[in-house]
Amino acid sequence: MERLSTEQAFNQVIQSEKPVIIKFFADWCPDCKRLDMFIGDIINKYNNYKWYEINTDDVKGIAEKYEVMGIPSILIFQAGEKKAHQHSAYTKTPESVKDFLHQHLA
């Protein structure tokens, strides 16, 4: 998973014609660490998509701009538009993340 460290990089990535998946996180977030324990297998399953992550503390204002109220959150973007958003409360299990991706990418 490639880390995006600027809003400019983020804006460039989301312009993709193919859907891209972006994890919003912060280093201090315990639920983010829990997600990291199982996300690798999910990335392998959905390896035909580009995966990115962005630290909401490092890139100020990006979370607010895309209505990310809790972290970790997983968002799907395509052609500059937010297509889907899985809020933090629903990213706690591998099953819920897989269901979200299957629903929006299958």
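**Group meeting: a walk through the model**

Most residues other than glycine have a negative phi. Is Ala79 buried or exposed, or something in between? Ala79 has 39% relative accessibility, so it counts as partly exposed, since that class runs between 20% and 50%.

Before going on, please keep in mind that this is a predicted model.

Now the overall layout. The protein has 4 helices and 5 strands. Reading from the N terminus, the order of elements is β-α-β-α-β-α-β-β-α. The radius of gyration is 12 Å, close to the 13 Å that the globule rule gives for 106 residues, so the protein is as compact as a globular protein of that length. Along the principal axes, the C-alpha atoms fill a box of roughly 30 × 30 × 20 Å.

Next, contacts and surface. Taking contacts between residues at least 6 apart in sequence, 66% join residues at least 24 apart. Of the 106 residues, 46% are buried. The accessible surface comes to about 5,900 Å², and carbon and sulfur atoms account for 48% of that. As for charge, there are 13 positive and 15 negative side chains, and the centres of these two sets lie 3 Å apart.

Let me turn to the cysteines. How many disulfides does the protein have? The count comes to 1 disulfide, and the pair is Cys29 and Cys32. Their sulfur atoms are 2.4 Å apart, and the cut-off for a disulfide is 2.5 Å. For anyone who wants the reminder, a disulfide is a covalent bond between the sulfur atoms of two cysteines. The link between Cys29 and Cys32 is right-handed, with 85° about the S-S bond. Both Cys29 and Cys32 are buried.

Last, the loop between helix H3 (62–65) and strand E4 (73–78), where Pro72 is found. Which peptide bond is cis here? The bond from Ile71 to Pro72 is cis, with omega near 0°. In general, most peptide bonds are trans. Glu67 is also found in the loop between H3 and E4. Glu67 is not a glycine, yet it has a positive phi of about 60°.

Terms used
Residues are numbered from 1 along each chain as its sequence is written. This is a predicted model: local features need pLDDT of at least 70, side-chain atom pairs count only at pLDDT 80 or more; totals for chains, interfaces and linings use all residues. Side-chain values use heavy atoms; hydrogens and water are left out. Buried means under 20% relative accessible area, exposed over 50%, partly exposed in between (1.4 Å probe, protein chains only). Helices (H or I, at least four residues) and strands (E, at least two) are DSSP runs, numbered from the N terminus. The radius of gyration is taken over C-alpha atoms; the globule rule is 2.2 Å times the number of residues to the power 0.38. Contact means heavy atoms within 4.5 Å. Accessible areas come from the Shrake-Rupley method with a 1.4 Å probe; for residues, only the protein chains shown count as cover. Lys and Arg count as positive and Asp and Glu as negative; His and the chain ends are not counted. The place of a charge is taken as NZ of Lys, CZ of Arg, CG of Asp or CD of Glu.
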